[in-house]
Amino acid sequence: MFFVVDIDGVLAASSSAIAFYLNRLLDLGIPDEVIEAMPSSAEIAQRPEVLAYCARGEEFRDRFNAAAQNAQYEAEVQQRKLPIPGSVEGVQALTRYGRVSYATCRKSRTKDTTVDWLVRYGYPHSEAVYCCDNFLYEKYLVGYEQAGKDEQIVYIDDLAQPLMAGLRPLVARHRSAAQSLIGRIALLAYGVEEPPTWPTPRDPYPVLALPDWSRLSTLLGVAVEKVGGRDLAASA
Ligand SMILES: [Mg+2]
């Protein structure tokens, strides 16, 4: 069994990391304790300091929006993130079933930051980080290239729907990889109670909901059982 685990939203909580970064970068002047009390970085958009900054003109609004959009790729933001409760123990539990790798849409230039973060918080197999710089569907290729030829692969991702949609370009651009993967992969959709459903009449591969890491042990057996028996025709 080979696991391909996403990082942001599955292991790393964004919390207020982006808000801290924006406050420093744009010199917004929001006190640290105010940011610390924010349940999420999105709250920053409502702050009077931000409204005043954006009111200075279109150029400022654009600068704020661009910085907010790119913040997730900054090492400073990634370093400041904290582990999602239960995620370290959860990934450790995965190693009892097989090998673990990490596939992320973070850029390769911050790969070292990501490895350091995984080491700092005690995630196993922390050197096995793969950055999918261009397309989300590259996560499928991580499984294809890193797992054994016939090994079962379980993906764990909070962007389940986009990853499912990524099967189409994978089939179009990497047909033999897609062919090899269908029938031996499953997806655990992290952070939802109900898994997203396929728009196709037949499910190309099974998708199960993993609402939080505490539900892992019950779900894993089901996921393993469900992997297999599908053909590529359903996804084309
Ligand atoms: Mg994610």
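Mentor: A nonpolar core is a set of buried Ala, Val, Leu, Ile, Met, Phe, Trp, Tyr and Cys residues joined through C-beta atoms within 7 Å. Keep in mind that the model here is predicted.

Trainee: Which residues touch the most other members of the largest nonpolar core?

Mentor: Val5, Tyr155, Ile156, Leu187 and Leu188 do, in a core of 48 residues. Strand β7 supplies the largest share of this core, with six residues. Another core, of 13 residues, lies apart from it and includes Ile18, Ile35, Val50 and Ala68.

Trainee: What is isoleucine 156 in contact with, leaving aside its neighbours within four places in sequence?

Mentor: The contacts of isoleucine 156 are Phe3, Val5, Asp6, Val10, Leu188, Tyr190 and Leu210.

Trainee: How do I read the sheet, and in what order do its strands run?

Mentor: Strands of a sheet pair through backbone hydrogen bonds, either parallel or antiparallel. In this model six strands make an open sheet, ordered β5-β4-β1-β6-β7-β8, with parallel pairing. The edge positions belong to β5 (129-131) and β8 (207-210); each has a single partner strand, so one side of each lacks a neighbour in the sheet. On average, neighbouring strands are turned by 25 degrees against each other, direction ignored.

Trainee: How many bridges join β6 to β7?

Mentor: Five bridges join β6 to β7 (residues 185-190), and the two run parallel.

Trainee: Why is strand β6 described as largely enclosed?

Mentor: In a regular strand the side chains alternate between the two faces of the sheet. Both faces therefore have to be checked, and in β6 both are covered, with Ile153, Tyr155 and Asp157 buried on one side and Val154 and Ile156 buried on the other. Five of the five residues of β6 (residues 153-157) are buried, so the strand is largely enclosed by the rest of the structure.

Trainee: What does the domain assignment give for the protein chain?

Mentor: The assignment gives domain 1 (2-12 + 82-235) and domain 2 (14-80). Their C-alpha centres lie 30 Å apart. Eight residues of domain 1 are in contact with seven residues of domain 2. On the domain 1 side, the largest share, three residues, comes from α7.

Trainee: What pLDDT does the protein chain average, and where is the pLDDT below 50?

Mentor: The chain averages a pLDDT of 92, and 95% of the residues score at least 70. Over residues 229-236 the pLDDT is below 50, and this stretch has 21 contacts in the model beyond near neighbours in sequence. Where pLDDT is low, the predicted coordinates should not be read in detail.

Key:
Residues are numbered from 1 along each chain as its sequence is written. This is a predicted model: local features need pLDDT of at least 70, side-chain atom pairs count only at pLDDT 80 or more; totals for chains, interfaces and linings use all residues. A residue is buried if 20 or more other C-beta atoms lie within 10 Å of its own, exposed if 12 or fewer, and partly exposed in between; C-beta atoms are placed from the backbone. Helices (H or I, at least four residues) and strands (E, at least two) are DSSP runs, numbered from the N terminus. Two strands pair if DSSP finds at least two bridges between them. Two residues are in contact if their C-beta atoms, placed from the backbone, lie within 7 Å. pLDDT is the predictor's confidence in each residue, from 0 to 100. Axes are lines fitted to C-alpha atoms, for helices over the stretch in contact, and angles run from 0 to 180 degrees between N-to-C directions. Domain bounds come from an automatic or database domain assignment.
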